[in-house]
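User: Hi, could you walk me through this structure?

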Amino acid sequence: MTKKVAEFTASECAAIEKAIGERRSIRAFLDTPVPRELIERLLDIAARAPSGTNMQPWRAHVVVGAEKEKVTQAVLGDFAETGVQRHDSEYKYYPDEFFEPYLSRRRKVGWDMYGILGIKKGDGAAMAAQHGRNYMFFDAPVGIVFTIDRRLEIGSWLDYGYFLEALSVAARAHGLETCSQAAFAYFHKPVREALQLAPEEMVVCGLSLGYADWSAPINALETERTPAKDFATFRGF
Ligand SMILES: Cc1cc2nc3c(=O)[nH]c(=O)nc-3n(C[C@H](O)[C@H](O)[C@H](O)COP(=O)(O)O)c2cc1C
């Protein structure tokens, strides 16, 4: 007989909705360490994510302390030389030209963030400095670099998204916060060198993990979402 999966109580359901609904990208962390066992547990939970034919395309490089610093220094060395896109990412995240409604959404989150930080339009140096904080993992005690085997196809990237979301939500449930960071993909060369990645590994993104510094203004950033009624069609009801 098939084992029936347990149903959720109303409060468990509320807790799950809270973990998903209140997850946000956090960009300032306390230096409070996160035990290795907990990180491993979160990765184990995230790995319950579904993937096409159960291929599980994820691969994680977890760094703390001197190893994290090695990644930071490798990237910042290059970043200081030539700015944001020193190397092209090995995959294309964004279109060459943005268009609506995506352009406005992207602009809004950018200006909201710079607004909170008091960075004025056109202040390239301040923007670059803020961008550079990505590579310090926003001072989080734990950095993770995620890679994928470059021989895999776009379907596996879809699987990867499930995994990363599961990880972020599971972290929240444990009082931890995250920021996914495609910023690392643009610096895949120094990241590759610092982590001695295998040739077939492509950097998908980085992720900062730790306890939020709620006193940091940037963590007040809240992003909007278009409601389902505006992006979904419902037929046959
Ligand atoms: C795959 C991925 C890559 C991202 N890369 C970055 C990044 O490099 N730096 C950053 O500050 N935020 C990054 N973000 C965070 C997004 O800006 C953020 O998810 C979005 O604005 C919505 O805000 P929220 O996560 O707080 O809900 C990334 C998010 C995802 C899912």
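Analyst: What follows is about the ligand and its surroundings. This is a predicted model, where local features need pLDDT of at least 70 and side-chain atom pairs count only at pLDDT 80 or more, while totals for chains, interfaces and linings use all residues. Residues are numbered from 1 along each chain as its sequence is written, and side-chain values use heavy atoms, with hydrogens and water left out.

User: Ok, how many residues surround the ligand?

Analyst: There are 15 residues around the ligand, and the closest are S25, R27, N134, A182 and R225; a residue is near a molecule if one of its heavy atoms lies within 4 Å of it.

User: And which classes are in that shell?

Analyst: The shell holds six nonpolar, five polar and four charged residues, where Ala, Val, Leu, Ile, Met, Phe, Trp, Tyr, Cys and Pro count as nonpolar, Asp, Glu, Lys and Arg as charged, and the others, Gly among them, as polar.

User: Which polar side-chain atoms lie by a ligand oxygen or nitrogen atom?

Analyst: A polar contact is a pair of N or O atoms within 3.5 Å. A polar side-chain atom of R23 is 3.0 Å from a ligand oxygen, a side-chain N or O atom of S25 is 2.6 Å from an oxygen of the ligand, and a polar side-chain atom of N134 lies 2.9 Å from a ligand nitrogen.

User: How much of the ligand does the protein bury?

Analyst: The protein buries 71% of the 620 Å² that the ligand exposes when taken alone, with accessible areas from the Shrake-Rupley method with a 1.4 Å probe.

Notes
A polar contact is a pair of N or O atoms within 3.5 Å; within protein, one must be able to donate a hydrogen and the other to accept it, and residues adjacent in sequence count only if both atoms are side-chain atoms.
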